[in-house]
Amino acid sequence: MLNFPVPYPDELIYSTVARAGVYAGLVSPKQLLDDVFDNRKVIATPDLPSHLKQISELYPHSLNLDVTDIIYKHTLFPLYAPFVPEDRRLQCLEWMAGQSKGAVHLALGAAASRVKQIRFLRYCPACLEKQLEQYGEHYWKRSWQVAGADVCPHHGPLHNSRIELHGRYRHQFFALRPDVCVGGATESYSAEDVRVAERIHELLNMPPVESPSLEQWGLFYKRLAGDTGCAKGKKVLYDKVSEKVTVCWTNQWLAKRSLSPSINSNSCWLKSIFRKHRKSFSYLEHVVVLEALLGSEWDFRSVLSNGVQFGVKKHCELSCGFFRG
Ligand SMILES: [Zn+2]
């Protein structure tokens, strides 16, 4: 396809494909699939799409939009990447460049997350006005589509559009136009929502980095418990952790996202995150614990570059010392 549009900042690549269809005056969704992908079976997936190599090949090299750039800047992949092991991160990048058939959603835990997925594509009315002023048109931002983060950090509650995810029109890319903006605001809006939206913004804008292993994450949280007065010797004091979490986040907010701690139960997610990790935890679970234990003065970049790596170095030194002794 000639003159394929360049994505705007924070635009979902799904939205760029939809704009391409509008620019080319295509009425038939099938023709858009033919022109962009040469494949009518491609599913229009906003969050974790595949077949992205074909899109990257539509851009000249000078634009720096190779397939990894597209995945990191124009999909929701960065929300999951740091929390899955490195081999899985690389495998998902490969699936998203080529074919996925639902494997990416499964591998990243997006399909089975405790956080309820959003039902409609969402938008922020105030951002729409700004977009029109700046670009002369509207586009779908990826930060509006994050389950568990229900506000625009600059303006307030997000609104549901008419475009239903997983609806009947699986092969159709819908552009953000005034006629799809008719829904009401999502109901919740609190200080917690703003804090989460800011953390999500940070995660979405992280550059590609090698993921820590599950072991590294487990060790990091154990050490964090010790550093924040939530451990006695090697024993994590779950009641203290739970208290910090419920001081930082209201019960109502936690309950709505199925994140209320239940430390009397062995399967409590909050206990599991301080134990040896057997599975990845979601971005929201990490945000809830990190914010509760570290206050507002932390960022994912430092946690990943110093905290998590350091945890393992320290562990190696300890183990080596142990074996030498
Ligand atoms: Zn906004």
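Which residues does valine 236 touch, not counting residues up to four places away in sequence? Before I answer, a word on the source. This is a predicted model, in which local features need pLDDT of at least 70 and side-chain atom pairs count only at pLDDT 80 or more, while totals for chains, interfaces and linings use all residues. Residues are numbered from 1 along each chain as its sequence is written, and side-chain values use heavy atoms, with hydrogens and water left out.

Now to the answer. Valine 236 touches Ala225, Cys230, Ala231, Val241 and Phe274, where contact means heavy atoms within 4.5 Å. Valine 236 lies in strand E6 (residues 235-236); strands are DSSP runs of at least two residues and helices (H or I) of at least four, numbered from the N terminus. Because its relative accessibility is 6%, valine 236 counts as buried (under 20% relative accessible area; exposed is over 50%, partly exposed in between, with a 1.4 Å probe and protein chains only).

I turn next to the zinc ion. Its donors are Cys124 (SG), Cys127 (SG), Cys152 (SG) and His155 (ND1), at 2.1 to 2.3 Å; donors are N, O and S atoms within 2.8 Å of the metal (3.2 Å for Na, K and Ca), and water is not among the atoms, so sites may look incomplete. Why is the arrangement tetrahedral? The four donor atoms subtend angles of 102 to 116° around the zinc ion, and four donors count as tetrahedral if all angles lie between 85 and 135 degrees. Along the chain, the donors follow the spacing C-x2-C-x24-C-x2-H. Cysteine 124 and cysteine 152 are both buried.

Terms used: Tetrahedral: all angles 85-135°; square planar, octahedral: opposite > 155°, others 65-115°.
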